[in-house]
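Here are my notes on the model you sent over. Have a look at the structure first, then go through the points below.

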Amino acid sequence: LQRDNIKRAEESMDAGDYQKAAFFYKTEINATREMGEPVDPKLMLNAGLALLKAESLEEAEKYLGLALDFSLNQPELQSIVLNALGNLHYQKTNFWLDRQNVSEARISWEKALSNYGSAFDLDGNDKALANLTSLKEQIEKRINSLVSKISGRIWRDLNGDGEAQENEPALKGFVYWDRDGNGEHNSSNEPKVSTNQHGHFSFEWITGRYPTSILIGSTVADENASDDLFL
């Protein structure tokens, strides 16, 4: 016969009350520990899955991590846990993208890819493989819709024609977001990107509103400065 807590947890899952299901799974885990008995990692997995369904992501990650630690000799179970962790980090990725935080979204997405890949490597998990391919494409589209890549080069324009010639040397320096449009760099609120030795620069511009515009300025390093030549 099933223990009462597990039965109630499964009934709550069937009813769509995932938070309540997680409560009963956690209650059973704690009761097992109090009796000094080993906890079945499947209980930890089920608690994590219920919390994942309830969108309690931080707590879900805790229980899924426990399930992973306690199932080292059960590769099939570990594969299921890793796929669930992939789903969890995929949800986190979408959370950050909704807030237009691409850098955090990329961190979460890398974790999702790693977990899906590990699940597939363990036992050829078909679900993990499907997630790895389809969800990767979805996230890439969402990220690319928020990001514009801007690149260029600073060089000494000897003839003033605005085109880089082979005999016109590159200049090391930096470009900056000229927020106020005054042509001068304000280090307190105008971010900058340095060039490499060949004057090349590249950066990503992230915005949730299109069309939009960005005004950038450039400044060369002191050793490149000259009053009588065009930049």
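1. Is W177 buried, exposed or partly exposed? W177 counts as partly exposed because its relative accessibility is 25%; the cut-offs are under 20% for buried, over 50% for exposed and partly exposed in between, with a 1.4 Å probe and protein chains only.

2. Ground rules before the rest. This is a predicted model, where local features need pLDDT of at least 70 and side-chain atom pairs count only at pLDDT 80 or more, while totals for chains, interfaces and linings use all residues. Residues are numbered from 1 along each chain as its sequence is written, and side-chain values use heavy atoms, with hydrogens and water left out.

3. On confidence: pLDDT (the predictor's confidence in each residue, from 0 to 100) has a chain mean of 89, and 94% of the residues reach 70 or more. Residues 227-231 stay under 50, and the model has ten contacts for them beyond four places in sequence; contact means heavy atoms within 4.5 Å. Where pLDDT is low, the predicted coordinates should not be read in detail.

4. Back to the tryptophans. W177 and W205 make an edge-to-face pair, with 4.8 Å between centres and 80 degrees between planes. The rule takes Phe, Tyr and Trp rings (for Trp the six-membered one) with centres within 6.5 Å, and calls planes under 30 degrees apart stacked, over 60 edge-to-face and the rest tilted. W177 sits in strand 2 and W205 in strand 4 (residues 200-206), so the pair ties together parts 28 residues apart in sequence. W205 counts as buried, because its relative accessibility is 15%.

5. Now the sheet. Three strands form an open, antiparallel sheet in the order 3-2-5; strands are DSSP runs of E with at least two residues, helices runs of H or I with at least four, numbered from the N terminus, and two strands pair if DSSP finds at least two bridges between them. Strand 3 (192-194) and strand 5 (216-220) are at the edges with a single partner strand each, so one side of each has no neighbour in the sheet. Strand 2 (residues 173-177) is joined to strand 5 by five bridges, and G173 stands opposite V220.

6. Last, T93 in helix 5 (residues 75-98). T93 counts as buried because its relative accessibility is 0%. Not counting residues up to four places away in sequence, T93 touches A105, S108, W109 and I139. Its side chain also reaches the backbone oxygen of H89 at 2.7 Å.

Definitions and conventions
Polar contact = N/O pair within 3.5 Å; in protein donor to acceptor, adjacent residues only side chain to side chain.
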